[in-house]
Amino acid sequence: MNGNLSVLGRAMRTGQARLGLVLLSVVGFVVLFGHFLMPYAPDTIVGQPLADPDGSFLLGTDILGRDVLSRLLDGGLTLSWMAVLAAGLGVFLGCLVGLTAAYRGGAVDAVLMRAMDVLLSFPEIIFVLLFVSMLGRSTLLTSVLVGIAFMPGVSRVLRGAALPVVASEYVLWARANGLPPRQVLLREVLPGVTSPLMVETGMRLVWAVAAIASLSYLGFGIAPPAADWGLMVGENQDGLSVAPLPVLAPITLILMMALGGNLVAESVARTVGRTEGKR
Amino acid sequence: MSSLMTRVSVPRGGLSFSWLVRRLLLGVFVLLLVSVLLFLVTQALPGDVARIILGKDATAEQVADLRQQLGLDRSLVVQYWHWLTGVLTGEMGSSLQNGEPVVDIIGPRMLDSFALGLISLVLILPIAVVVGVFSAHQRDSAWDKAFVAVSSLFTALPAFVVGMLLIALFATSVLGVLPGVSNIPPGDMPWWHPAELVLPVTTLTLMGVMYLGRLVRASFIDAMNSEYVQMATLKGLSGRRILFRHALPNAVAASLPAASLVAAVTITGVVVVEYVYSYPGLGTAVVSAVNSHDLPVLQACILVLATAYYVFNLLADILSAMGRSR
Amino acid sequence: MTRCPTSPGPTRSTRALAAVLAAALLAACSAPDRASGGAGSATLRIAAATDPGETLNPYASNQSPTQQLRSALLYEGLTRLDPTGKVDWALATDMTPNADLTEWTIKLRSGVKFSDGSDFTSADVVSSIKYLRDPAHAVQGLAFIQTVDANTVTALDPLTVRVGLSQPFGPFKDIWANILLPMTKTGTAPAKPVGTGPFSVKTFTAGRQSTLARFDGYWGDKPKLGAVDIVEYESQQAQANALLSKQVDIASGASPTIAKSLAGKDGIQLLDSKGDYTLRIGLNTTVAPFDDMRVRQALRLLIDRDQVVSNAFGGYARVANDHEGGTPQCPAPDFPQRKQDIQQAKKLLAEAGQSNLSFAITTDGLLPGMRELAQVFAENAAKAGVKVEVNVVPVPELLSKWGKWPAFVDFNPIPYLPTVIGTLQPDQVSNATHWDNANFIKLSGELFQATGDRQCAVMNQLHKIENEQGSMIIPAFVDVLMPYQGSVQGLVTDVNGRPLSFLTNVTVGS
């Protein structure tokens, strides 16, 4: 019976991962190729505001009279690269700090991790709000800030994962043989923490999408008149009750993107958990 | 979502009283650093605060006078010391916007925010345990699959989307049975207006339950698979006894660190939710203080939120360390 | 109406649920009973924009629409504007100048009481004018009374005041109708100002909520309402939601989209005040290339005014012709309407050597339509190869660099005469484009000394100068939109966009 369950479960899991991949590919297709399929330029005013969908505007027009479909097809790219940059930066910095702390130990470890505690005390949204209001609004700045806000969380995970690796025999052997720390970290320690690294990257990507969309909604993210999914929700929410599509369409895409990423990351995490559990 | 669990650091060596004391002292030190960072960042905000207060019709002399009056021309160290001693004695200065004492402004808002956060937590914890355990118990049933799918959906949704959809569903577009905006008149306790609390509490609770319930489900499945429980089953103990005496306590204990992280996230998640519902708490105060460059209010609000966030994180660390030593 | 503990829950089941929740959670804590009195004392609940910086001081230097909305119900000036824009007597009943218009004698209304019960006399007028005129107080309306010589303001008897001016000034009566120049009781401003208005303050919490109660000793027509609640919300969307869930009776701020989506829903109606309120794009004449009149005229030719009206303001506006509005007595002249002309604009830009012009328009998006106006213009300008970016900044940032922005979105809610004094003269802070036109200055000098028909003729000439050489792109006169519950009766529209100043005949309920 147990075997049946595990087979069933496994099928479900692969199904879940497959669903995630399908969602991500649809969104990825829109993000990468949408630009070439737009019926109108995304910033052009082509009709009356909040017109109902018809033959010329398949999803209607937005609050300014721009074509919703065109803006939808154009609006994923910025959000995507911002999320990728933020997650990448967060994982890179977190990895750097976490591995260094684990490897060096002692005072370096203590100082680094307390510094991370200080950063960790600022909730992500608050942290970004604080600096954006100080330095002004720019897409690059926002993604860098989200990345920095992710750093403490990632560093704690990776430090935890690296500690047993650092204490392992082959790392001790490499250090005793005088290999430079950078090589030891890159060749010996990093491969030992790839699984948590992958899970972290996936989850941070999902969170970055949510955080950046929320910031755009609060008015501190991507600036108008850019076409952007988060911004579209904020811009058009006044008309939600007469024209729901300009709000619901970008929400659907954000959701597909985040949900797809979430499903894939979760299945990876679970597979990792199973294989490591057996070791 | 497993990352939050592993975020917790482990004490080297066993768990002892001196470790706890050291951890708490370190916590105080970290909070001090938080205050320094916060102060430095906010004092560097662009724009002349005095000009912002007086508006576009004021002359340069009036602006200079006000700068002096506010102490904006003193050195940063002096300003920081003055501010820190003020915070510790409850004298946090006055709002630059309307001259009212900061304590009077954020006091009631703290109460509103914490009431919102605590009511949500009181609901999240038992519901998450019941839903998670039930789901794990009925593993792979239609209910379980539905729960896993819905919770994936919710953890991927930004809070403002959930809020907006709930407003449209229950307040403005479809049903119209609940207030769409959660205004609490000044001087009133939030719980005098339960109808206004329903939607913001529901938003936070939904998001918390979906996240924590998922973790409880995973922990419970682990606990049921543990050698200890398998042994008990082999020994012929009843299913109910195993469930309530062995598996459940283990699952709850394993979820506790995550629960206090959820608490931390809930306390600060109120920022976006408060904004969506126009609820008069610390979150709306932060957004408005950022927009109006009201430094004393901004600093006080963020300090309170950061402290609450840090305390819950610390609690998570300690609980997890206790769990491991056990 | 009972507010606690269930508050405005619309259905019985909600109330029951709410009551159970309340009892279960905190049985011991109960709300005080705040049921208000019987018939004829209804409360009008107004949703307004949050203003954490507000005070009760009507002379404060940086007042938001929310604060002005409250002030209009609490305080009165010597004269006032009626909903059609005509100047009426208020606390004064007559003003007579000397022969060269440098000294005015003001007759005050008798029998007026302050809301604390004391008599309103000439001493209060003298102290109010002196307070207003003191530069140290940096009052917002200072620009309008700069010719008043504070030292010469004297009380001749309890109901007569004499005011001396540093320059001849004819339209004295018009100036005192400004909402920023009210009269308050001696010694009460700025901390606890007492006024003579139809309402007085009952409770006030900055940035949150205030309750005003009817002042029964008011000299004029007493309002039918017993009280007015002004409740502040973070966003216009929140105001709309509050209106939809019946938590307020009227929303004082609504974007065209909100107005359109609310109208007719659950019996909600729209108070649509058409007037001479302008949203405009200012071009800083001290910054190249906007110092070149050809460039400014070219940009004025680029904007598609019909599209601004239909798309930025959802049709709740009418096309304007690059000058401010006229007055009811003196409508703006009827010269040809400027229309979008890309070719002519390109030609002018080429002549000025600015064919590849690129710049940013800054806005704080404070009022509905500001951001949209800038975006529609950016889109129009692109047709002539002019690249325009929209730079949205927080309110404080806009104010902190006020007068330095090369191009910005601005608004003007006041009648033409104070506009000429306050924002079209070179040295006024409100003149953020630093427009300095010798002809205009000379003519406005004439305006200040003219009376009657002559005044009108001069105004028409001033409008023409604005149209031909001005520093503002003024594409539309914008309606002020306030959706309200069908149960509210007696609201009036106002050409100056402040319909909530006129609550005398308003009632709430069936």
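# A tour of chains A, B and C

Between chain B and chain A there are 0 salt bridges, a salt bridge being a side-chain nitrogen of Lys or Arg within 4 Å of a carboxyl oxygen of Asp or Glu. This is a predicted model in which local features need pLDDT of at least 70 and side-chain atom pairs count only at pLDDT 80 or more, while totals for chains, interfaces and linings use all residues. Residues are numbered from 1 along each chain as its sequence is written, chains are lettered from A and ligands numbered from 1 in the order in which they are written, and side-chain values use heavy atoms, with hydrogens and water left out.

**Stop 1: chains A and B**

Select chains A and B together. Here 55 residues of chain B are in contact with 51 residues of chain A; contact means heavy atoms within 4.5 Å. The area buried between the two chains is about 4,600 Å², and carbon and sulfur atoms give 72% of that area. Buried area is the accessible area (1.4 Å probe) that two parts lose on being put together, summed over both.

Now colour the helices of chain B. Helices (H or I, at least four residues) and strands (E, at least two) are DSSP runs, numbered from the N terminus. By type, the residues of the side of chain B that touches chain A divide into 35 nonpolar, 12 polar and 8 charged. Ala, Val, Leu, Ile, Met, Phe, Trp, Tyr, Cys and Pro count as nonpolar, Asp, Glu, Lys and Arg as charged, and the others, Gly among them, as polar.

**Stop 2: two loops of chain B**

Select S278(B), in the loop between α11 and α12 of chain B. Its phi is near 55°, a positive value in a residue other than glycine. Most residues other than glycine have a negative phi, and most peptide bonds are trans.

Next, select L175(B), in the loop between α8 and α9 (194-225) of chain B. Leaving out residues up to four places away in sequence, L175(B) touches L169(B) and F170(B).

**Stop 3: a sheet in chain C**

Move to chain C and show its strands. An open sheet of 4 antiparallel strands runs in the order β4-β5-β7-β6; two strands pair if DSSP finds at least two bridges between them. β4 (92-97) and β6 (154-157) of chain C stand at the edges with a single partner strand each, so one side of each has no neighbour in the sheet. Neighbouring strands are turned by 25° against each other on average, direction ignored.

Zoom in on β6(C) and β7 (residues 160-164) of chain C, which pair over 3 bridges. D157(C) is opposite T160(C) in β7(C). Axes are lines fitted to C-alpha atoms, for helices over the stretch in contact, and angles run from 0 to 180 degrees between N-to-C directions.

**Stop 4**

Select R45(C) and D249(C), whose side chains meet in a salt bridge (3.0 Å, N to O). R45(C) lies in strand β1 (residues 43-49) and D249(C) in the loop between α5 (236-244) and β11 (250-251) of chain C, so the pair ties together parts 204 residues apart in sequence.

Finally, select P190(C), in the loop between α4 (172-175) and β8 (199-205) of chain C. The peptide bond from A189(C) to P190(C) is cis, with omega near 5°. The bond from A288(C) to P289(C) is cis too, with omega near 0°.
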